[in-house]
Amino acid sequence: MNRTFLTTTAIAAAAIIAMILYPPLPASSHLNDFTASNAGPQPDHWAALPVQWNLNPARGGNIQGSRSVADVIQASFNTWTGAPNTALSAVRAADSSATAAGFNTTNLICFVCNGDFSSEAETLAVTITTTATSVGDSDGRGGTTQFVGQILDADLLFNPNKNFTTDIGGANQDMQTVATHEIGHFFGLDHSAIVRAIMFPFTPETANTTLSYDDVGAISATYPKGSPDVATGVISGAVRLSGSPVFGAHVFADSQTTAQSFSGFNVRKSPIGAMSLPDGTYSITGVPADSYLVTAEPLDLPVTNDDVSDFPKAFNKTAVQTNFNTRSH
Ligand SMILES: [Zn+2]
């Protein structure tokens, strides 16, 4: 298993808030990137739909395959926007010739940008998002910021020194697998510790271009559909160790049946996870009716604190807690 994905979150305006309270989070507790605010961490997401993306269609000799990069990227966006229970939408806007990421009016998808890959040679791709840290500032597009955590700009750069194929099942790294993962970051999602999730931070051995239940839970909590395609509920509780709350436990609900809850959608059944908050509580959202085993485990490999480092930072913590054993109930 190679560490091959990376996301970087850049903050639009430097603002460090020393006093942080911990109110209940407004949306899902799991899987989002967060921006800190004096009202507590806010889940990152776009304010308006559809979200536009701008392709630089140039490709180097590191990219093989018969499909165009435009087809691969469009298919990857479609995987997210076509998921059940989400109102998410995206549109391809004008192409760009830009060769560097930047906080501007384009959300660049680039295959010939060098980025900071010189220092992160193993990284296949990086998604750089800029989020608002306060309300009423310039949003860089002629308007003002509406909420903390509002994504203002996102740029997805593929490492031009890595070999990709646009043909699913080709010999090199499957581009659509990487693009689908990175576009999850583009929409504001953080990594998931669910091994079969598209947001799992390590590349799978074989192409993986469909969402799991865990990914659907994350994207539908972030961009909910007014009338959901499939009814879902919430599993909530608290993780405690000798009576003290455990922060950053990975809690996941695993179905004990073979039921396929999202029939009609190309979604893979997987556990659905969440992270416990500083008071130990967790809330696993987007859970279809079924029978579940709920397990709390420390985030201590294969996914570790480094893969979700924005999460403890948003709560003014240095790391998630891992000094406990896996428990089920
Ligand atoms: Zn990633």
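This is a predicted model: local features need pLDDT of at least 70, side-chain atom pairs count only at pLDDT 80 or more; totals for chains, interfaces and linings use all residues.
1. S96 counts as buried because its relative accessibility is 14%, where buried means under 20% relative accessible area, exposed over 50% and partly exposed in between (1.4 Å probe, protein chains only). S96 lies in the loop between β6 (90-92) and β7 (108-110); strands (E, at least two residues) and helices (H or I, at least four) are DSSP runs numbered from the N terminus. The side chain of S96 reaches the backbone nitrogen of A98 at 2.9 Å. That pair is a polar contact, namely a pair of N or O atoms within 3.5 Å; within protein, one must be able to donate a hydrogen and the other to accept it, and residues adjacent in sequence count only if both atoms are side-chain atoms. Neighbours within four places in sequence left aside, S96 is in contact (heavy atoms within 4.5 Å) with N54, L55, N56, P57 and L108.

2. Residues are numbered from 1 along each chain as its sequence is written, and side-chain values use heavy atoms, with hydrogens and water left out.

3. N62 is placed in the loop between β4 (51-55) and β5. N62 counts as buried because its relative accessibility is 8%. Its side chain reaches the backbone oxygen of P160 at 3.3 Å. Residues up to four places away in sequence not counted, N62 touches N159, P160, N161, K162, N163 and F164.

4. Strands β5 and β10 (residues 164-165) pair in the parallel sense over two bridges; two strands pair if DSSP finds at least two bridges between them. The open sheet to which they belong has three strands in the order β5-β10-β11, with parallel pairing. β5 (63-64) and β11 (173-174) stand at the edges with a single partner strand each, so one side of each is left without a neighbour in the sheet.

5. The zinc ion is coordinated through NE2 of H181, H185 and H191, at 2.0 to 2.1 Å. Donors are N, O and S atoms within 2.8 Å of the metal (3.2 Å for Na, K and Ca); water is not among the atoms, so sites may look incomplete. The spacing of the donor residues in sequence is H-x3-H-x5-H.

6. Returning to F187, its contacts, apart from residues up to four places away in sequence, include D44, H45, W46, F77, W80, I151 and Y223.

7. Strand β8 (residues 125-131) is largely enclosed by the rest of the structure, because six of its seven residues are buried. Seven bridges join β8 to strand β9 (residues 151-158) in the antiparallel sense. Within this pairing, T130 has D153 of β9 as its bridge partner.

8. The structure holds one disulfide, a disulfide being a pair of cysteine sulfur atoms within 2.5 Å. It joins C110 to C113, with an S to S distance of 2.0 Å. The torsion about the S-S bond of C110 and C113 is about 95°, so the disulfide is right-handed. Both C110 and C113 are buried.

9. A further open sheet has four strands in the order β18-β16-β20-β21, with antiparallel pairing. Its edge strands are β18 (272-275) and β21 (327-328), each pairing on one side only. β16 and β18 run antiparallel and are joined by four bridges, with V251 opposite A274 in β18.

10. G264 is found in the loop between β16 (250-255) and β17 (267-268). G264 is exposed, with a relative accessible area of 83%. G264 and P84 are 180 residues apart in sequence, and their C-alpha atoms are 9.3 Å apart in space.
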